[in-house]
Amino acid sequence: MAGEPQDDCLFCKIVAGSIPATIVRETDTTVAFRDINPQAPTHVLVIPKAHHKDAGALATDSPELAADVLREAQAVADDEKLESYRIVFNTGSGAGQTVWHVHAHVLGGRGLQWPPG
């Protein structure tokens with residue numbers, strides 16, 4: 001069910017504290033932590049504490065929580081003193097989503113070319 005923790009979800013386990021992560025910010029509704037395989041000098045994931053499979057599901061099920069995730073992405077960029085940065089939501093395996101708990105990648109600290117990837 002949308003919003004409910006999933007026993008087999010890596011990010012739900014990070015939220016629960018059963019898997020360690022380098023947490024950089026936490027609110028009542030979100031957690032932000034450093035990516036274990038960074039693709040830029042700053043690479044932080046911002047996730048909602050509630051489980052939603054992808055960005056589309058989050059926007060449909062809980063638009064206010066989607067806004068919280070974006071607000072925290074901005075706060076991460078501010079904390080990291082990023083003058084420019086990219087926020088990426090991978091949705092679906094063809095787009096590179098490997099963890100089925102919505103997460104925003106905040107990437108910065110180097111030039112980010114277009115098109116990506």
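Predicted model: local features only at pLDDT ≥ 70, side-chain atom pairs only at ≥ 80, totals over all residues.
**Entry 1: the fold.** I began with the secondary structure and counted 3 helices and 5 strands in the chain. Following the sequence, I wrote the pattern down as α-β-β-β-α-α-β-β. Next I looked up the radius of gyration, which is 13 Å; the globule rule gives 13 Å for 117 residues, so the chain is as compact as a globular protein of that length. For the dimensions, I noted that the C-alpha trace spans about 40 × 30 × 25 Å along its principal axes.

**Entry 2: packing and surface.** How much of the chain is buried? I found that 38% of the 117 residues are. I then took the contacts between residues at least 6 apart in sequence, and 53% of them join residues at least 24 apart. The accessible surface came to about 6,700 Å², with 52% of it belonging to carbon and sulfur atoms.

**Entry 3: the largest pocket.** I was glad to turn to this one. Its volume is about 730 Å³, and 29 residues line it. Which residues lie nearest its centre? I listed Asp35, Gln39, His43, Asn90 and His105.

**Entry 4: who builds the lining.** I sorted the lining of the largest pocket by residue class and got 15 nonpolar, 10 polar and 4 charged. Then I sorted by element: α1 (10-16), β2 (30-34), β3 (42-48), β4 (85-88) and β5 (104-108) each supply at least two residues. Of the elements, α1 gives the most, with 3 residues.

How values were computed: Residues numbered from 1 in each chain as written. Heavy atoms only, no water. 1 Å grid on protein atoms, 1.4 Å probe; cavity = no way out; pocket = protein on both sides within 12 Å on 5 of 7 lines; lining within 4 Å. Points joined across faces, edges and corners; volume = space filled by probe spheres on them. Helix = DSSP H or I, 4+ residues; strand = E, 2+ residues; numbered from the N terminus. Nonpolar A, V, L, I, M, F, W, Y, C, P; charged D, E, K, R; others polar. Rg over C-alpha atoms; globule rule 2.2 N^0.38 Å. Buried < 20%, exposed > 50% of the residue type's maximum accessible area, 1.4 Å probe, protein only. Contact = heavy atoms within 4.5 Å. Areas by Shrake-Rupley, 256 points an atom, 1.4 Å probe, with all protein chains shown as cover.
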